Amino acid sequence: MSDRSRRLSVLALLLSALPPVRLSAQGDVDRLAVRFASMTAVTGLEQAMADSLRVMLPGSVRDRAGNVTLTLGQGSPKRLCTCPLDEVGYVVGNILPEGFLLLRRVGGGGAGRTVSPLLDQQLEGHRVTVFGTRGAVAGVVAVKSTHLTRGRVGPAGGAPDPVFTVDNAYVDVGATSTAEVQGLGIAVLAPVSLAKRPHLYGERLLAAPSAGRRAACAALAAAVQSKPNVKGTVVVAFTVQSLYASDAGLASVKALLGPFDDIKTAVLPARYADTAVETVALGDADRLVREIAQWMEGR
Amino acid sequence: MKTVTGCVLALLLLSAGPPVRLSAQDSTRISEAQAVLAPLVESYGVSGTEGPVRETVKRLLPAWATPSTDTAGNLWVRVGQGNPVVVFVAHLDEIGFRVTGTRDDGTLELETRGGFILSLFEAQPALVHTDKGIVAGVFLPRDSGFTRHTPPPFRVSVGTASRAATLARGVGPGATVTMPKQYVRLAGTRATGRSFDDRVGSTAQLLALRHLDRAALKHQVIFIWSAREEIGLEGAAAAAASLGTTPRRVHAIDTFVSADSPLELPNFAVAPIGQGAVARALDNSSITPPAYVDSLVQVARAHGVALQIGSTNGGNDGSKFTPYGVVDVAIGWPLRYSHSPAEVIDLKDVVSLADIIRAVAETW
């Protein structure tokens, strides 16, 4: 096992340490949606969430691309129900001698999709989690102190403040040297995300980064766990790398397990997309669970 | 109320970040500082509504202390007798928002309480603090992200679609708004959270009181936890007026906003975190007479307390006492990323600050 593989395996174990969720009653989609929204699956680095899904869905396997698939029923028609589980995120790009980390964004530019400028800007002055080989490490992204900006001349000509970009993101984990950072299990390519703190408000509204995608995946998982009477064969696939260059995860499922007579993608509408409070109505997730189950049953 | 309670419980239960932990290497002093600081940081108290923080301070006072609250909302503890009277003052309040109105679509209009970079609250979870409890919501994002630090006026949604529905949740003008916060340990003895300014000062005063040798006091010492500092030092102004010319010195115990960051200019305010308390000798509200700075340094040296000296920006509560002839010898602790949701401190500085407060109270 290579050093990198070992690191990723340890990471997967650490991040899948939450107890498995068993669905038994209405409302469980809420718990699943919150749990999924608290997970991090930076595109291309989804192993931890994939491992959690495998624990949650007995019989599921991880294919060579990293997708989690589960085959239900047999015979024809052969259909695919899929949900992308990845998110736009960051990896450690460099470690400075003073112990600060610099970041590189991963994802967001593929398949004709661009991310909102607010996505990177939301890092500024907020807590992040760095997923090191020794566990999750809390950090913050540096921001200028309000007090020290007072009385100082702003940008020339009254221009608006320069836009914060990921290139301005100095991650402070409390370390004072490169060695101390490494001692925390952090190396270049460690995944980094905003600290995930799912937030419930109003009447069953869930706010979190990537809440729409995560609630849709929760609905797909809930539909599977409702044990529908599947017509023919249904391959359930939680796919990886949907937000990178070529949607390689879904393409792999099609190439390895297809062809399929029909494909359904679990999708939910979300408000405030690409922000830390992307909001999804869990009532919509209930409806999606029923819709997917009916589709699996051929109704 | 059921929904509100559910949301608050969910907030507590669903925080997915790394758990607060005590490092195995923590000394007893660091552990004690954290045990006092964490509950203070996780109490909410936007300027003018400091009640929850004041109650937490009272709960953490030593059993012998007899606190009283004045009409301005300041909390007082008096120790010892005789002149010259010396005052320590740290503030209870934190920056945030207040609801000014409710729109037809149910969203809340806000005004700021204190100064900060507004965009740091944009598109973040929100907590509306009402008389009946906390109502969860979100700070709405703007449509475009290209002028980062100058967003349009903020609004908060509590998930309702009409004014009537919002009012039915008990939310209306006058309620204060914050975002959820959590005390979290970083590497070594460092920690992050929001409102370290000035919960660290409040903590240091509590720690000093806990360890104070009351028999050693040669004069009366008054500890004040003040209200409404962030909106103009209002609580301190009331306290100063009530004491008049009686005190000899006042020690504002407040943040030393540090330039110890890759984003700051190194022209001034360069007090590294982790290297001790700071004599806040010059800020935007007061200048400590050099002889008093020298005396403070002597006290620190005599007691082996780490003390830095510097100048920074911001005002301090002690400046409201100076018109009465009271000398303001402000003492701070270095803070990175002031007034942001991600302030960073070193717990060693909290211990150092508590030690210098105790030494000053007992010997100067």
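**A walk through chains A and B**

Let's start with chain A, where 53% of the 299 residues are buried; buried here takes 20 or more other C-beta atoms within 10 Å of a residue's own, exposed 12 or fewer, and partly exposed anything in between, with C-beta atoms placed from the backbone. Keep in mind that this is a predicted model, in which local features need pLDDT of at least 70 and side-chain atom pairs count only at pLDDT 80 or more, while totals for chains, interfaces and linings use all residues. Residues are numbered from 1 along each chain as its sequence is written, and chains are lettered from A and ligands numbered from 1 in the order in which they are written.

If you take the contacts in chain A between residues at least 6 apart in sequence, 77% of them join residues at least 24 apart; a contact means C-beta atoms, placed from the backbone, within 7 Å.

Helix H3 of chain A, residues 47-56, is mostly covered, with 9 of its 10 residues buried. Among these buried residues are Met49(A), Asp51(A), Leu53(A) and Arg54(A).

Now for the largest nonpolar core. Such a core is a set of buried Ala, Val, Leu, Ile, Met, Phe, Trp, Tyr and Cys residues joined through C-beta atoms within 7 Å. This one has 191 residues, and Leu206(A), Ala219(A) and Leu220(A) touch the most other members. The top contributor is helix H7 of chain A (residues 211-225), which gives 11 residues. Leaving aside residues up to four places away in sequence, Leu206(A) touches a list of residues including Ala33(A), Pro198(A), Ala215(A) and Leu282(A).

Ala33(A) and Leu282(A) also turn up where H2(A) meets H9(A). The axes of H2 (residues 28-37) and H9 (residues 282-296) of chain A come within 10 Å and cross at roughly 110°; axes are lines fitted to C-alpha atoms, for helices over the stretch in contact, and angles run from 0 to 180 degrees between N-to-C directions. That makes H2(A) roughly perpendicular to H9(A) (65 to 115 degrees; under 35 is roughly parallel, over 145 roughly antiparallel, and the rest oblique). H2(A) contributes Val29(A), Asp30(A) and Ala33(A), and H9(A) contributes Leu282(A), Ala285(A), Asp286(A) and Val289(A).

Over in chain B, helix H2 (residues 28-41) and helix H5 (residues 196-211) have axes that come within 9 Å and cross at roughly 135°. H2(B) and H5(B) are therefore oblique to each other. Among the residues making this contact are Val36(B) and Leu40(B) of H2(B), along with Thr203(B) and Leu206(B) of H5(B).

Asp105(B) sits in the loop between strands E4 (96-102) and E5 (108-113) of chain B. With 13 other C-beta atoms within 10 Å, Asp105(B) is partly exposed.

Finally, the two chains together: the contact takes 52 residues from chain B and 54 residues from chain A. On the chain B side, helix H1 (2-14), strand E7 (133-139) and strand E11 (190-193) each supply at least two residues, and H1(B) has the largest share, 4 residues.
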